[in-house]
Amino acid sequence: MPVVVGMNGAALGGGYEIALACHHRIAIDRADVKMGLPEAQLGLMPGAGGVVRMVRKFGCQNAITFISQGMQYAGVKALEKGFCDELAATKKKCTQSQSVDFGAEAKQPWDQPGFKIPGGSPADKDPDQGLRACFILVPSM
């Protein structure tokens, strides 16, 4: 069953992780409607599937940048970056969106046959294809 989320306030941290689990994200075009995973600013990592979904959606390097810097986006910038799929002018227009058509079945892009992580994955033959940012080295004590 397709799941569409309408964001009419801050979708940060766990709220945005829930939005990432949905098939389509619609946000109201207002400055206070922000999206992102700011947990790193508190010394935490997203823990509700956000890291995995961000990597699958944006690729390893972009996901690590978005997560580690705690980036938050609103409006057109969020749409340009891919944090939402659609903008609505008002709450009413958000709930009346007609642009969502999932066809016979709803699947996330990464659940489709043949999906490849943008920029490559560890299973690829060339592991240097932008994956160095995915590995965090902790110095020994």
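Predicted model: local features only at pLDDT ≥ 70, side-chain atom pairs only at ≥ 80, totals over all residues.
His24, Ile26 and Ile28 point one way from strand E3, Arg25 and Ala27 point the other way, and all are buried. The protein has five helices and six strands. Along the sequence they follow the pattern β-β-α-β-β-α-α-β-α-β-α. Buried residues account for 34% of the 141 residues.

**The sheet around E3**

- E3 is mostly covered, with five of its five residues buried.
- The strand belongs to an open sheet of three strands, ordered E1-E3-E6 and paired in parallel.
- E1 (4-7) and E6 (86-88) stand at the edges; each has a single partner strand, so one side of each has no neighbour in the sheet.
- From one strand to the next, the twist averages 25°.
- E1 and E3 (residues 24-28) pair in the parallel sense over four bridges.
- Val4 stands opposite His24 of E3, and Gly6 stands opposite Ile26 of E3.
- E3 and E6 also pair in the parallel sense, over three bridges.
- Ile28 has Ala88 in E6 as its bridge partner.

**Helix H1 against helix H2**

- H1 (residues 14-21) packs on H2 (residues 50-58) at an angle of about 50°, and their axes are 10 Å apart.
- H1 is therefore oblique to H2.
- The crossing of these two helices is left-handed.
- From H1, the contact uses Tyr16, Glu17, Leu20 and Ala21.
- From H2, it uses Gly50, Arg53, Met54 and Lys57.
- The residues of this contact divide into four nonpolar, one polar and three charged.

**Helix H2 against helix H3**

- The axes of H2 and H3 (residues 60-68) come within 7 Å and cross at roughly 135°.
- This angle makes H2 oblique to H3.
- H2 passes H3 in a right-handed crossing.
- On the H2 side, Val51, Met54, Val55 and Phe58 take part.
- On the H3 side, their counterparts are Cys60, Asn62, Ala63, Phe66 and Ile67.
- By class, the H2–H3 contact has eight nonpolar residues, one polar residue and no charged residues.
- Met54 of H2 is listed in the contact with H1 and in the contact with H3.

- Ile67 lies in helix H3.
- Ile67 counts as buried because its relative accessibility is 3%, and the cut-off for buried is under 20%.
- Beyond its neighbours within four places in sequence, Ile67 is in contact with Leu37, Ala40, Met45, Pro46, Val51 and Met54.
- Two of these partners, Val51 and Met54, are among the H2 residues that meet H3.
- Leu37 is 30 residues from Ile67 along the chain, and the two C-alpha atoms are separated by 5.9 Å.

**Contacts across the chain**

- Among contacts between residues at least 6 apart in sequence, 64% join residues at least 24 apart.

Methods:
Residues numbered from 1 in each chain as written. Heavy atoms only, no water. Axes fitted to C-alpha atoms, helices over the stretch in contact; angles between N-to-C directions. Parallel < 35°, antiparallel > 145°, perpendicular 65-115°, else oblique. Left-handed = near helix turned anticlockwise from the far one by under 90°. Contact = heavy atoms within 4.5 Å. Nonpolar A, V, L, I, M, F, W, Y, C, P; charged D, E, K, R; others polar. Pairing = 2+ DSSP bridges. Buried < 20%, exposed > 50% of the residue type's maximum accessible area, 1.4 Å probe, protein only.
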